Amino acid sequence: MAAKRKTPVKSRNPDLIRGVGKYSRSKMYHKRGLWAIKAKNGGVFPRHDPKPKAPAAAAEKPPKFYPAEDVKKPLLNKRKPKPTKLRASITPGTVLILLAGRFMGKRVVFLKQLPSGLLLVTGPFKINGVPLRRVNQSYVIATSTKVDISGVNVEKFDDKYFAKEVDKKKKKSEGEFFEAEKEDKKKLPEDKKEDQKSVDASLIKSIEGVPDLKAYLAARFSLKSGMKPHELVF
Amino acid sequence: MLDSGTGWRTGGRPEVDRWRLYVRGTILGYKRSKSNQYPNTSLIQIEGVTTKEEVAWYAGKRMAYIYKDKVKKNSSHYRCIWGKVTRPHGNSGVIRAKFKSNLPPKSMGDRVRVFMYPSNI
């Protein structure tokens, strides 16, 4: 192809009416300067040889198997799931009551919502033994008590932090079968303990600033005789 | 600021093993008319709930019927049938509940645990 001009050329043949140009074919030949191009090229219009084709890709073997009917391609799914909508009563620093699981009844501090939608929560560990943990919103009651959480940096925590470590599967031989029982329990890695301490450090300071809050978090919630949850204000 | 009636104590007193985070309920029987009963839905009376409006809080809450058996299953004598509160029954706070499998007839009059989850507070 000829090199592109910097400015596209407006037609040199103005329209008298749509479809009818002012100049005839021979006049246009002259106006476009085709005679000059021919003269430059020795009386013939310049020809460009076609570019040599890239060597044909190695001939593909015809497939052995053709499905009887056309195989349907599944539609592309571009859906990106959003994290669950957080209840209005749950804001960073809210004290939550866990309703189920190992720590049920414990009052914990809410830190942030993780991209999976689960809530990141901590005891703090020193106060009630609840470590940094994920919890589902439905298994939690939000109280109106709030803790000042401004000193805490929770940027680094996400769902991958809580993923289970994958053990490489070892092939067991007869003898090893019995030895495998002796595998030591997985110890909590030191850096997770450090993370816990650093998150809790500033939290505990702000908790101790509020009278009774530490004892409150240390105590567990329980329904007593005569308590009706549908009448309780949390 | 503190939730009502918790009576938390600082130190000293040992923690009780079981902490009730469920509301007690009684199994009244199956949904029925005078001479026909429909065992797929059970009627439950929740403690402290006396009107149809109060039941609204409990709608959708999960419940468990826990019973014992001689044979150990999953290394425990205790077995459980899970269910949930579906809707009120009448005006006086009785609820209808559906369980994963229908409640056995021997459960009538027995305790059922109505949990506070899935929570909406």
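How many residues of chain A are in contact with chain B, and how many of chain B with chain A? In this predicted model, 36 residues of chain A touch 26 residues of chain B.

**How much gets covered up**
- Interface size is often quoted as the accessible area lost when the parts come together.
- Here, the area buried between chain A and chain B comes to about 2,800 Å², with carbon and sulfur atoms giving 62% of it.
- On the chain A side, A:Arg220, A:Leu223 and A:His230 lose the most area to chain B, together making up 21% of what that side buries.

**What holds hands with what**
- β3 (94-98), β7 (140-146) and α6 (213-218) of chain A each supply at least two residues of the side that touches chain B.
- The largest share of that side, 6 residues, comes from β7(A).
- Sort the residues on that side of chain A by type and you get 20 nonpolar, 9 polar and 7 charged.

**Zooming in on A:Arg87**
- A:Arg87 sits in the loop between α2 (34-40) and β3 of chain A.
- Its relative accessibility is 13%, so A:Arg87 counts as buried, the cut-off being under 20%.
- Polar atoms of the A:Arg87 side chain lie 2.7 Å from the backbone oxygen of A:Val140 and 2.6 Å from the backbone oxygen of B:Ser119.

Note on methods. Residues are numbered from 1 along each chain as its sequence is written. Chains are lettered from A and ligands numbered from 1 in the order in which they are written. This is a predicted model: local features need pLDDT of at least 70, side-chain atom pairs count only at pLDDT 80 or more; totals for chains, interfaces and linings use all residues. Side-chain values use heavy atoms; hydrogens and water are left out. Contact means heavy atoms within 4.5 Å. Buried area is the accessible area (1.4 Å probe) that two parts lose on being put together, summed over both. Helices (H or I, at least four residues) and strands (E, at least two) are DSSP runs, numbered from the N terminus. Ala, Val, Leu, Ile, Met, Phe, Trp, Tyr, Cys and Pro count as nonpolar, Asp, Glu, Lys and Arg as charged, and the others, Gly among them, as polar. Buried means under 20% relative accessible area, exposed over 50%, partly exposed in between (1.4 Å probe, protein chains only). A polar contact is a pair of N or O atoms within 3.5 Å; within protein, one must be able to donate a hydrogen and the other to accept it, and residues adjacent in sequence count only if both atoms are side-chain atoms.
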